[in-house]
Each structure stands twice: as structure tokens, then as C-alpha cells.
Amino acid sequence: MQIQLLQFICATLFAFSNAEVFFKEQFLDGDAWRSRWVNSEHKSDYGEFKLTAGSFYGDAEKDKGLQTSQDARFYAASARFEPFSNEGKPLVIQFTVKHEQKIDCGGGYVKVFPADLEQTQMHGESQYYVMFGPDICGYSTKKVHVIFNYKGKNHLIKKEIKCKDDELTHLYTLILNSDQTYEVKIDNEQVESGSLEEDWDFLPAKKIKDPEAKKPEDWDDRAKIDDETDSKPEDWDQPENIPDPDAKKPEDWDEEMDGEWEPAVIPNPDYKGEWKPKQIENPNYKGTWVHPEIDNPEYSPDAQIYKFDNIGVIGLDLWQVKSGTIFDNFLITDDVKEAEEFGNETWGATKAPEKKMKEEQEEAKRKEDEEKNKEQNTEADDEEGEGDDEDDDEEEEDAPEEDADDDEALPKDEL
Ligand SMILES: *[C@@H]1O[C@H](CO)[C@@H](O)[C@H](O)[C@H]1NC(C)=O
């Protein structure tokens, strides 16, 4: 009886929890995405997105997403949804990214825009509300951007969040709460969290150094001083170098021809260097002077930094050198749980079979190369047949610590 009551209460709570999904895009209806996504015409040579699950995947249909298909291009496409405000609610922005091309340099992020964005004119400088997701360039830039627009200015997060840089699909989630806290998750696990005020410079500093305050003239901040009673010993001053007492004028030295003979000079063992008085504690020492702080008159708190009134467009506006990135499973909602569940159903269901397929392809490739090598070696010389170390190394690199999760995720016969 009690259990039934509990179930009833839970069901009722759920019914009233009122989760809202503002945008969801899984690309499950073939070419129809073209009617939902608008290519920008701001430039004439934007790269083309194509719909594909890529060269390895967990599910040939469900894993289809938008893939960048041309190298060294800008990409600019966006999709519209019913405008909303995140006032008083969480804002969750989530999507999957797969850099199956071994990305060298390129964006893997989304931008969320005000509804008044003119989609055909979207470009790098178009004002957005939020920019979120991975960005990779060379070895030095491998980070997750979290940029919020506040009063017309873009503010970058002050923390460094590392992004994934392998070739598998990863789930990126940004949660922005109305209490001005945030959370970043990768693959449904929190990688960063904190508060807007602390982790971005939206507002001027709360405290500043008092401009009126000055270090008093007589402030003594010398911890040690010379001992006045100390004096230089009389025998202190000795020459730094002296003539070598062991030097002898060579027998055949000719003063007329060679000039006056002088012995070589050597360092003086009695030389003591510059004399300095002993140091003693300074009786007047006051410690280091600390500049007093006052409330910054420029600072005023803002409890609505998080709030965006007219969210209406999500866009992929990025540059890629080596193309091949696949974006999929976009979700914008006010429900954290819903997003996690959606992440589980999409990325969570895909990751194990995707990895398996990739590994099988690599294994097949390795075998093929091995065969080729063998043939070549038999033709040439049997002695030199050890040329396949490279592939072995690669395989080790590609095996992350996710094996534990993979086993439980899906039955082995899923492929
Ligand atoms: C998502 O999957 C993880 C791992 O299997 C699980 O712990 C979590 O409860 C799931 N979340 C939801 C909302 O279903």
C-alpha cells in the first residue's frame, strides 16, 4: 500500500515537473534536415555539411550526423526553434562530436543565438548568447570553450577545461542554472563546475585597493638591518689577485727582445671580497605594508547574468583544417535529467559498438599491412621482415580506460 502511494506521488511529481525540450536534432529523417538547417550565405565558399555516420559507428542510421566534408573551410549552418527565455530555469545545451579524421585544427563547438539572428547572414562575428564545445588546434589548444555574452561582450571562462582529442564520439553538456552556477560534462561526467561570478569576469572586482591609502613615509619594511656595532677587521682588504710566487723567469728570457718579465697572476687565497656588516633583526620592523581594500564603487551585483531572454537559434559556425567532424544529437532543454537520459540513449548506446567497429577496422588494416609486408619481404629479402611495429604502438594509444563501461553497455552481437 505504502509503496503504491509512493509510486503515485512520484508519478505526480513527474507529471508536474514540466520538462521542456526546446530543440532536439538527431538527423533520423534522411534529407529532411535540409529544411531545418540553413546555410549562411555571408561568404560564398563555406564548406559543405553532409549527412553520414562516418567510417565507423555504433548504428548505421542513428549515428548519422552533420559532417564537415571539405578541408580548410569555414562552416556556417544553423537551425531555428521556438524562442524562449531561460529565466528561473536551468538551460542545458548538449550535443555529440566525433573527430574521426584525427583532427589537427578545428572547432567542434556550437553557438546559441538570439532568435533575431538572420540565419543566411550568420558569420564569425554574429552576436551569440553562448558558445560551447571543444576546440582543437595543434598540441597546445585542446579545450572546451564556455563563452557567455553579457551586456554585448563575450566572456571566456577563466578555467582551462580539456576536451577529448581521440576519434570517437563524445557527449558535451553545458548546464547553466538560474542560481548562477554551471556545470560542464563530457560523456555524462562532470569535468568542471562553479559559479558564473567566480569563473568569468562579467562584473568588475568587488573590492579594489583604496586609492586614498598610501604607505606611511616612516613605514619600515626592512626585516633585517646592518649591525652598527660591527666593523671591518683591519686585515680585511687584500688584493684579489697576486703574482704567482712559484713563477720563475724562463732561463732564455731576453729583456731586450721580450720586454720586462712579469710573473703570471693568480687568485689571492687571502682575498675576502667586499666587507659587509653583520645583519641583525630590525627593531622597527613593521612587516610588509598591505594596501587596504575598499568596496569597488563600480561593482554592483547582478543575479541575472545567466539569463537570456530570446534564445532561438543554434548554429555551427567554425573553421576546420582537416574536415571530417560529425555533429549529432543536439538537445536544448531545461531538464538536466532528461539531457542525461538522452545522452545515455544516444552516445551511451553508440560508444561501445562504435569503438568495437573502429578496432576491428584497425585490426583488419593491420593484418592487411602485415600481409603486404610479408609479400614484399619474401620478394626482397627474408631477413628484414620486422617492419610492423608502428601499427602496434598506434593500437595501444587508441585503447583508453573505457573498457570497463563498454562491456556492460551493449551485447556483443549488436554489430
Ligand atoms: C545514464 O547512464 C549512467 C551509466 O549507465 C547511469 O548511472 C545513469 O543513471 C543514467 N542516467 C539516466 C538519467 O538514466
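A72 is partly exposed, with 42% relative accessible area (partly exposed lies between buried, under 20%, and exposed, over 50%, using a 1.4 Å probe and protein chains only). This is a predicted model, in which local features need pLDDT of at least 70 and side-chain atom pairs count only at pLDDT 80 or more, while totals for chains, interfaces and linings use all residues. Residues are numbered from 1 along each chain as its sequence is written, and side-chain values use heavy atoms, with hydrogens and water left out.

Back to A72, then. Its phi is positive, about 50°, even though A72 is not a glycine. As for where it sits, A72 belongs to the loop between β4 (65–68) and β5 (73–84); strands here are DSSP runs (E, at least two residues), just as helices are runs of H or I with at least four residues, and both are numbered from the N terminus. Q180 is another non-glycine residue with a positive phi, this one near 65°. The loop that holds Q180 runs between β12 (169–176) and β13 (181–186). With a relative accessible area of 12%, Q180 counts as buried.

Next come the cysteines. Searching the whole structure turns up 1 disulfide, taken here as a pair of cysteine sulfur atoms within 2.5 Å. In general terms, a disulfide is a covalent bond between the sulfur atoms of two cysteines. The partners are C105 and C137, with their sulfur atoms 1.9 Å apart. The bond ties together distant parts of the chain, since C105 lies in strand β7 (residues 105–107) and C137 in strand β9, 32 residues apart. The link of C105 and C137 is left-handed, with -90° about the S-S bond. On accessibility, C105 is buried at 15%, whereas C137 is partly exposed at 32%. C163 is a buried cysteine too, at 6% relative accessibility.

Turning to annotation, an unreviewed UniProt entry lists Y109, K111, Y128, D135 and D317 under "binding site". Those positions follow the numbering used here, feature names are shortened, and annotations may be inferred rather than shown by experiment. What do K111 and Y128 look like in the model? K111 is part of strand β8 (residues 110–114), and its 5% relative accessibility makes it buried. Leaving out residues up to four places away in sequence, K111 touches G124, Y128, V130, M131, V313, I314, G315 and D317, where a contact means heavy atoms within 4.5 Å.

Y128 itself is placed in the loop between β8 and β9 (130–137). Y128 is buried as well, at 6% relative accessibility. Apart from its neighbours within four places in sequence, Y128 is in contact with K111, V112, F113, P114, I147, N149 and N154.

An N or O atom in the side chain of E340 is 2.7 Å from a nitrogen atom of the ligand. For N344, a side-chain N or O atom is 2.3 Å from an oxygen atom of the ligand. On its own, the ligand has 360 Å² of accessible area, and the protein covers 44% of that; accessible areas come from the Shrake-Rupley method with a 1.4 Å probe, and for residues only the protein chains shown count as cover.

Technical notes. Polar contact = N/O pair within 3.5 Å; in protein donor to acceptor, adjacent residues only side chain to side chain.
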